Amino acid sequence: MINAKRLTEIKVSPSLYSEWLTRFSSFPDEEACGFVYGTIWKETAYVSSFVWVPNVSACPARSFRIAPSDIMRHLGGGQARNDRHSRSSLAGPVLLGLFHSHPRTAASPSCEDISALRLWPELPSFWILSLERSVPETAIYAWAEPQKSPAALGPSESTDSADKAVTTEDTGQPVSVGPSDTDTLTDRTSQHAVSTPSSRRPNQAKSLSKLRKIPLCIEAL
């Protein structure tokens, strides 16, 4: 299904990366989303295409939602159409990750983003592009260690694949990823500090401590 090999580096060509960044300018006030395809060789991923899908959220300025049909097409094991191979000597494209943008906040995963990540623990990477500054910032995350499948997470998080429409409502983002994370989030709309509900703090801190960043290298492939 999804190649879950641990990635230590992701490489993308300057032209493809620039094309990807430019397209976000069409969504200055809402979160855009899609999937990343490519090949993997010796724990390095080579991006060959970014496949955009509609954000069907009722509030796209603050959240993104991927429709069940797109989830089944991509997370269900589908191949990217019209894919541009980055290295002809490597195998065909596989799903490398899921991406979405943060129009007004940093490229750090919100509590809701982490919840979406937990739905697909086998997904190799999770991309966030921040547009809060004049120069976009891309951060790529993954679980530091293998995670349990959704079916083992409990009734509230276990559903059939067709119902796993990735949905996040980004009310804010953690300050950083790692043991030093605080429980204070920044609201995207009002830009003021809000406290995470006490019932979610332990799980959030635990999840953040298990995330790692994957280096992104922009170079000719």
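A: Buried means under 20% relative accessible area, exposed means over 50%, and partly exposed is in between, with a 1.4 Å probe and protein chains only. Helices (H or I, at least four residues) and strands (E, at least two) are DSSP runs, numbered from the N terminus. The model is predicted: local features need pLDDT of at least 70, side-chain atom pairs count only at pLDDT 80 or more, and totals for chains, interfaces and linings use all residues. Residues are numbered from 1 along each chain as its sequence is written, and side-chain values use heavy atoms, with hydrogens and water left out.

The part to look at is helix α3, residues 111-119. Helix α3 is mostly covered, with 7 of its 9 residues buried. Cys111, Glu112, Asp113 and Ile114 are among the buried ones.

Asp113 has a polar partner. Its side chain meets that of His100 in a polar contact of 3.3 Å. Such a contact is a pair of N or O atoms within 3.5 Å; within protein, one must be able to donate a hydrogen and the other to accept it, and residues adjacent in sequence count only if both atoms are side-chain atoms. His100 sits in strand β5, residues 94-102. His100 is buried, at 1% relative accessibility.

Next, the nonpolar packing. A nonpolar core is a set of buried Ala, Val, Leu, Ile, Met, Phe, Trp, Tyr and Cys residues joined through side-chain atoms within 4.5 Å. The largest one has 23 residues. Phe35, Ile66, Leu75 and Leu98 have the most contacts inside it. Helix α3 supplies at least two residues of this core, and so does each of β2 (33-41), β3 (44-53), β5, β6 (125-130) and β7 (137-143). A second, separate core of 21 residues includes Val12, Phe50, Phe99 and Ala142.

Salt bridges come last. Each is a side-chain nitrogen of Lys or Arg within 4 Å of a carboxyl oxygen of Asp or Glu. The count is 2. In one, the closest N and O atoms of Lys11 and Glu219 are 3.2 Å apart. Lys11 lies in strand β1 (9-12) and Glu219 in the segment after β12 (216-218), so the pair ties together parts 208 residues apart in sequence. Lys11 is buried at 16%, whereas Glu219 is partly exposed at 30%. The other salt bridge joins Arg73 and Asp70 at 2.5 Å, N to O. These two are 3 residues apart in helix α2 (68-74), about one helical turn.
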